[in-house]
Amino acid sequence: MTVDPPPPQVWPTLRARDARGLIRFLVDAFGFEEVMVSAEGDLVHHAQLRWPPGGGIMLGSVRDDPEDRWPLQPGTFGGYVVTEDPDALCARAVAAGAELVQEVRDTDYGSRDFLVRDPEGNHWSFGTYRGEPYPS
C-alpha cells in the first residue's frame, strides 16, 4: 500500500523547555495526535503532531546554542485552531491542566471560542470560526 504525504499546508512551529512533556500535554489536553518524534533522550530534534480535522504543528526542544538557526523561545507561540465543539474541548483542556485565559464565548464574527495557555506559556485559541470564504 502506498501512502502519500498530505498536500502542502502551513505548519506552525514552536520550541519547548520540556518538549516531551509538551507533546504529552498537547495530545492529552487538546487531542493532537503524535505522528513522529525524532529525539535523543529528552532532546527532541523534531516532532510532528496532527490535528485530526486537518493540519498540525511541529515542535522541538529549545537549544542553548548561539549557532541555532531557529532560535524560538518557549512560551512565545500563539495559535488558533478550528474545532467543532469548543465547550467540550475547553473542559478537556482545563481538566488536563491548561490555564484558562478566556472562557468559552460567542464572538461578534460568528465564532464560539476560548483561550488557554499550555504549561510552556504558549497561547492557544480554539473556536468554530473557519475563516472567510475565498473569492471565486
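## Helix H1

The expected span of a helix is 1.5 Å times one less than its number of residues, with helices taken as DSSP runs of H or I of at least four residues and strands as runs of E of at least two, numbered from the N terminus. For the twelve residues of H1 (residues 19–30) this gives 16 Å, in agreement with the 16 Å between its end C-alpha atoms. The model is predicted: local features need pLDDT of at least 70 and side-chain atom pairs 80 or more, whereas totals for chains, interfaces and linings use all residues. Residues are numbered from 1 along each chain as its sequence is written, and side-chain values use heavy atoms, without hydrogens and water.

Buried residues (under 20% relative accessible area, 1.4 Å probe, protein chains only) of H1 include Leu22, Phe25, Leu26 and Phe30. Glycine 31, which follows H1, has a positive phi near 95°.

## The open sheet

Four strands form an open, mixed sheet in the order S5-S8-S7-S6, where pairing requires at least two DSSP bridges. Strands S5 (78–82) and S6 (99–106) are the edges, each pairing on one side only. S7 (residues 112–117) and S8 (residues 123–127) are antiparallel over five bridges, and valine 116 stands opposite tryptophan 124 in S8.

## Aromatic contacts

Rings of Phe, Tyr and Trp (its six-membered ring) pair if their centres lie within 6.5 Å; planes under 30 degrees apart count as stacked, over 60 as edge-to-face and the rest as tilted. The count is ten aromatic pairs. Phenylalanine 30 and phenylalanine 126 form a tilted pair, at 4.7 Å and 55°, which links H1 to S8 across 96 residues. Phenylalanine 126 is buried because its relative accessibility is 0%.

Conventions. Buried < 20%, exposed > 50% of the residue type's maximum accessible area, 1.4 Å probe, protein only.
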